Amino acid sequence: KSLISSTHARYSRPGVLSILVQVVVHAMAGHVFARAFVYPHLAKLLGDDKMDDVGTLIVMLSCLLVPVFELFASIGEAELHYGHFARSGFRLRSAMATLARHAVFRAWRSGVTLLAPVVAAATILLWTRLGSLGSSDDGSSALSSLSYPAIFQSLIVSYLMMALLVLMMSIQDILTRWAVCVPGMDADVLVFQTLNITTPTGNGASSSNSKFLTEDLYVQSILMGDGATVEKVITSPGAKSNQAFTNHQDEEINRNEIAAASFSEWIQTSSIKSSGKLADDILRIGLLESLGGGGSSNPTSTRQSHPFYFGHIRHSAAIRKRLDLSAATTSLGQQPIAVPIVRALCAFAGGEGDAMSQFYHKLKNDTKSPRKNNTNGQLWKLPPGSLNAVEYAIIAAARLVVMNSVMIDKHGRVIVNASKRHDRLSLSLPCILQSAYKLRCGILAYAQVQAKMYEVDLSTYDKSDKGDGLGCFIATKCLDLGPVISACNNSAKMAMKTLVETGDRTLEELLLRKWKGDMQKWLVELNCEDSPVARTTD
């Protein structure tokens with residue numbers, strides 16, 4: 001899930017029934033493995049002369065307990081690192097190296113799993129002493145028939161089976177993660193293959209004239225089914241608005257502010273109850289990656305005067321496809337179908353930023369340590385998938401709006417001030433700056449609380465002598481936050497350069513009239529920046 005509030009967990013933790021089901025499933029898997037692959041070979045492993053009921057039960061029970069213990073040992077790996085698996089792809093050499101690292105890591109952290117054979121041996125021996133196996137037909141103890149070397153040998157076999165089971169579970173786990181993180185989703189193909197999807201009409205029936213468009217899928221999935229925010233981003237300009245605006249630009253900026261605030265409120269109050277399941281989360285991040293993946297800047301380019309980067313070929317093609325379809329289906333006076341996608345992306349990124357700022361500023365300003373305020377002794381953390389999602393969202397929004405105003409010549413150069421496809425879409429350029437700033441502030445607030453939790457003095461942490469202790473802390477201790485900060489900075493640079501080179505004076509007017517203080521300072525620093533490395537100071 002996305003984020004947490006002060007009263008809710010950041011994702012829905014499984015209930016007792018779900019945990020029991022998982023335990024039963026893993027125990028059954030271990031039992032099947034033991035019956036199918038271990039029991040038929042026990043005579044060879046233990047020897048016919050040592051093939052005792054007690055020794056067999058120790059090995060069999062170990063095979064049953066290992067998957068259950070591994071289930072609880074792997075709780076810390078429940079999060080899906082989408083960006084890692086999506087970038088690495090599935091190439092044989094890298095796949096084998098990743099599998100090896102994953103297996104070694106599991107073996108290193110499987111402290112609880114290492115106890116499974118010992119627990120199995122202790123349980124069987126105790127049962128032998130106290131239970132129905134405690135005496136034989138002649139009244140003698142069955143324990144005496146099993147020597148300690150035989151017990152030791154059964155433990156060795158149990159640990160060999162444990163290593164094999166952990167390796168198999170590791171391979172299955174990493175292959176599953178690769179499968180669900182495969183990049184390159186084509187939303188149009190997905191919708192086309194899902195037949196008979198229609199939107200309900202006013203009387204509750206279905207109409208073949210109101211087809212469920214790919215743009216509808218983007219908006220609904222990105223905003224997680226938050227109906228209030230969805231309505232705010234899809235409503236046509238001027239509709240259901242009681243506020244008078246001097247121009248359409250002010251209306252669009254105000255709409256973005258309201259939509260971000262609405263989504264922020266939904267995250268903090270209703271996301272745990274209303275958000276979807278894992279399949280919905282995978283769909284959402286796959287859609288976001290198809291538009292905003294590939295990074296926020298060209299890693300092979302050092303030209304500071306060229307901030308435009310539209311990702312890999314498939315990313316720029318996906319963006320161009322959305323714009324072309326929007327241009328082909330929009331009539332005069334009609335809202336382009338690409339506009340709600342941009343609004344949803346800005347609301348998603350800005351709303352996440354607002355939610356983080358509101359929650360983490362409370363902890364940052366508290367005199368007590370966040371670790372002491374939390375009953376679990378831990379800071380509420382952002383899942384890696386959520387960080388990937390907001391990074392992709394702000395990049396995708398910037399690409400959609402900027403590519404609406406640029407063209408690429410035959411030499412591969414980006415030319416600004418080309419004939420725009422949609423003037424209405426260009427009005428979202430300031431919204432990119434607005435949402436990027438909100439997201440950046442939320443990420444920095446989260447980093448500041450992390451520093452406070454670990455009792456790091458940011459005023460003395462600066463290792464570059466630039467007065468940027470927070471930036472150094474993020475660069476050294478919060479590596480997962482760096483790409484999101486860069487995405488905010490680079491997206492803002494693209495939007496600002498497009499505004500400036502098209503001769504639009506909107507940015508100057510906003511900086512003088514509305515955007516003052518820290519936001520004005522950040523935008524001016526980005527515009528005047530000489531270094532290619534984006535700053536992360538407040």
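A residue is called buried here when its relative accessible area is under 20%, exposed when over 50%, and partly exposed in between, with a 1.4 Å probe and protein chains only. The structure is a predicted model, in which local features need pLDDT of at least 70 and side-chain atom pairs count only at pLDDT 80 or more, while totals for chains, interfaces and linings use all residues. Residues are numbered from 1 along each chain as its sequence is written, and side-chain values use heavy atoms, with hydrogens and water left out.

The protein chain has 538 residues, of which 50% are buried. Its secondary structure comprises 23 helices and four strands, taken as DSSP runs numbered from the N terminus (helices: H or I, at least four residues; strands: E, at least two). With contact defined as heavy atoms within 4.5 Å, 79% of the contacts between residues at least 6 apart in sequence join residues at least 24 apart.

Helix 1 covers residues 16–38, 23 residues in number, and spans 31 Å from first to last C-alpha, close to the expected 33 Å; the expected span is 1.5 Å times one less than the number of residues. Buried positions in helix 1 are His26, Ala27, Gly30, Phe33, Ala34 and Val38. Arg35 lies over the face of Tyr39, 5.2 Å from the ring centre; the criterion is NZ of Lys or CZ of Arg within 6 Å of the ring centre and within 35 degrees of the ring normal.

Phe263 counts as buried because its relative accessible area is 0%, and Trp266 because its value is 8%. Phe359 and Tyr360 make an edge-to-face pair, with centres 5.0 Å apart and planes at 70°; both are buried. Phe263 and Trp266 also form one aromatic cluster with Phe348.

A nonpolar core is a set of buried Ala, Val, Leu, Ile, Met, Phe, Trp, Tyr and Cys residues joined through side-chain atoms within 4.5 Å. In the largest core, of 105 residues, Leu223, Phe348 and Leu433 touch the most other members. Helix 19 (residues 429–453) gives the most to this core, with 15 residues. Beyond four places in sequence, the contacts of Phe348 are Ile222, Leu223, Met224, Phe263, Arg284, Leu288, Ala389, Val390 and Ala393. A second, separate core of 17 residues includes Val59, Cys63, Phe69 and Ala116.

Cys63 is classed as buried because its relative accessible area is 1%, and Cys472 because its relative accessibility is 12%. No disulfides were found in the whole structure, the criterion being a pair of cysteine sulfur atoms within 2.5 Å.

Asn388 is located in helix 17 (residues 384–403). This residue counts as buried because its relative accessibility is 10%. Residues up to four places away in sequence aside, Asn388 touches His81, Tyr82, Gly83 and Ile285.

Notes: Rings of Phe, Tyr and Trp (its six-membered ring) pair if their centres lie within 6.5 Å; planes under 30 degrees apart count as stacked, over 60 as edge-to-face and the rest as tilted.
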